[in-house]
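The following note sets out, point by point, what may be read from the model shown below. Please consult the sequence and structure alongside each point.

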Amino acid sequence: METDVASQNDSLELLYHVKRAIIDFAQDKSGATQTTDIFGTFTDLAAAKAAARSALPSEGYLKDDFVEYEENDGTKEWKHGDGVIVFAKAAAGQEFVVRLDTTPNALHFK
């Protein structure tokens with residue numbers, strides 16, 4: 001039983017923030033102008049990944065809305081960077097990036 005408590009405490013050491021950024025290259029060729037929204041913060045990595053995968057559908061987007069749609073399931077080489085769970089590109093050139101940012105759980109949220 002002590003191991004269960006210890007592993008639970010270990011898993012609470014980090015927070016996983018689900019963020020979605022839209023980069024509109026049609027408006028700004030440099031990609032510097034981005035719209036970012038936070039979809040939630042989790043102490044459980046699996047829950048954070050599930051939330052990241054459902055972020056675009058929760059906004060009403062379908063996979064068919066994009067000319068390119070990729071999810072990082074860890075089974076293939078990933079070219080979109082660490083922490084990126086979903087990468088999608090719209091026909092008009094906007095890129096949608098859903099990522100996890102990890103921070104220490106300094107306030108010990110459960």
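1. Covering of helix α2. The elements that cover the buried residues of α2 include β1 (14-24), β2 (34-42), α3, β4 (84-90) and β5. Cover is judged here by contact, meaning heavy atoms within 4.5 Å. Helices (H or I, at least four residues) and strands (E, at least two) are DSSP runs numbered from the N terminus.

2. Basis of the model. The model is predicted: local features need pLDDT of at least 70 and side-chain atom pairs count only at pLDDT 80 or more, whereas totals for chains, interfaces and linings use all residues. Residues are numbered from 1 along each chain as its sequence is written, and side-chain values use heavy atoms, with hydrogens and water left out.

3. The buried face of α2. Helix α2 comprises residues 45-53, and its residues Ala 48, Ala 51 and Ala 52 are buried. Buried means under 20% relative accessible area, exposed over 50%, and partly exposed in between (1.4 Å probe, protein chains only). The buried residues of α2 fall within an arc of 100 degrees when viewed down the axis, and therefore line one face of the helix; the arc is that of the directions from the helix axis to the C-beta atoms. At the start of α2, a side-chain oxygen of Asp 44 comes to within 3.4 Å of the backbone nitrogen of Ala 46.

4. Overall architecture. The protein chain has 3 helices and 5 strands, arranged along the sequence as α-β-β-α-α-β-β-β. Its C-alpha trace spans about 55 × 30 × 25 Å along the principal axes. Of the 110 residues, 35% count as buried. Among contacts with a separation of 6 or more, 51% are between residues 24 or more positions apart.

5. Nonpolar cores. A nonpolar core is a set of buried Ala, Val, Leu, Ile, Met, Phe, Trp, Tyr and Cys residues joined through side-chain atoms within 4.5 Å. The largest has 17 residues, and those with the most contacts inside it are Val 18, Leu 56, Phe 66, Phe 96 and Val 98. At least two residues of this core come from each of β1, α2, α3, β3, β4 and β5, with β4 giving the largest share, 4 residues. Apart from this core lies another, of 5 residues, including Ile 23, Trp 78, Val 84 and Phe 87. Not counting residues up to four places away in sequence, the contacts of Val 18 include Ala 48, Ala 51 and Ala 52.

6. Aromatic pairs. The structure contains 4 aromatic pairs; rings of Phe, Tyr and Trp (its six-membered ring) pair if their centres lie within 6.5 Å, with planes under 30 degrees apart counted as stacked, over 60 as edge-to-face and the rest as tilted. One of these pairs, Tyr 61 with Phe 96, is edge-to-face, at 5.1 Å centre to centre and 70 degrees between the planes. Because Tyr 61 lies in the loop between α3 (55-58) and β3 (66-71) and Phe 96 in strand β5 (residues 94-104), this pair ties together parts 35 residues apart in sequence. Tyr 61 is partly exposed, at 27% relative accessible area, whereas Phe 96 is buried, at 5%. Phe 66 and Phe 96 also form an edge-to-face pair, with centres 5.1 Å apart and planes at 70 degrees. Tyr 61, Phe 66, Tyr 69 and Phe 96 together form one aromatic cluster.

7. His 108 is not a glycine, yet has a positive phi of about 60 degrees. Most residues other than glycine have a negative phi. His 108 is situated in the segment after β5 and counts as exposed, at 62% relative accessibility.

Terms used:
A polar contact is a pair of N or O atoms within 3.5 Å; within protein, one must be able to donate a hydrogen and the other to accept it, and residues adjacent in sequence count only if both atoms are side-chain atoms.
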